[in-house]
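This briefing is for a reader new to the structure. Please look over the sequence and the model, then read the points below.

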Amino acid sequence: MTELCRCWSCKGQLEPAQQLRFLVETDNLDNPAYLSHIRALPSVKGRPIPVCKACQAQIEAAPRRPVVKLQPKPVAVSGLLGALGALSVGLLISGLFAPRG
Ligand SMILES: [Zn+2]
């Protein structure tokens, strides 16, 4: 094995210890009792995800955020930004195709 796994979150290189944890946990997916004993990595749908120590610390600092419904305001703002973006693209395109002279 020449290349280590990449961090699932930041795509950085995984520390060897994290890599080992990921391999061992993946290896023991069919052995839940042992897995729950050794489990150290965050998991998605029961499968361990390879993350570096920094990202794991972040994930553990903010565990299972409650799903907050978006307020109407940010949606309106993003809609406005989208409209502005479309407008600027339209201006750009019309500028490109405008007759020169
Ligand atoms: Zn990371």
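Helix 1 covers residues 16-27, twelve residues in all, where helices (H or I, at least four residues) and strands (E, at least two) are DSSP runs numbered from the N terminus. From its first C-alpha to its last, helix 1 reaches 16 Å, close to the 16 Å expected at 1.5 Å a residue; the expected span is 1.5 Å times one less than the number of residues. This is a predicted model, in which local features need pLDDT of at least 70 and side-chain atom pairs count only at pLDDT 80 or more, while totals for chains, interfaces and linings use all residues. Residues are numbered from 1 along each chain as its sequence is written.

- Gln18, Arg21, Phe22 and Glu25 are the buried residues of helix 1; a residue is buried if 20 or more other C-beta atoms lie within 10 Å of its own, exposed if 12 or fewer, and partly exposed in between, with C-beta atoms placed from the backbone.
- Seen down the axis of helix 1, these buried residues fall within an arc of 100°, so they line one face of the helix; the arc is that of the directions from the helix axis to the C-beta atoms.
- An α-helix has 3.6 residues a turn, so residues three or four places apart point the same way.
- Pro16, Leu20 and Asp27 are exposed on the other side of helix 1.
- The cover over the buried residues of helix 1 includes helix 2 (32-38), strand 2 (47-48) and helix 3 (53-61).

**Two residues of helix 1**

- Glu25 lies in helix 1 and counts as buried because it has 20 C-beta neighbours inside 10 Å.
- Apart from its neighbours within four places in sequence, Glu25 is in contact with Leu35, Ile38, Arg39, Leu41 and Pro48; two residues are in contact if their C-beta atoms, placed from the backbone, lie within 7 Å.
- Glu25 and Pro50 are 25 residues apart along the chain, and their C-alpha atoms are separated by 10.0 Å.
- Val24, also found in helix 1, is partly exposed because 16 other C-beta atoms lie within 10 Å.

**The whole chain**

- The protein chain has four helices and two strands, in the sequence pattern α-α-β-β-α-α.
- Of its 101 residues, 12% count as buried.
- Among contacts between residues at least 6 apart in sequence, 42% join residues at least 24 apart.
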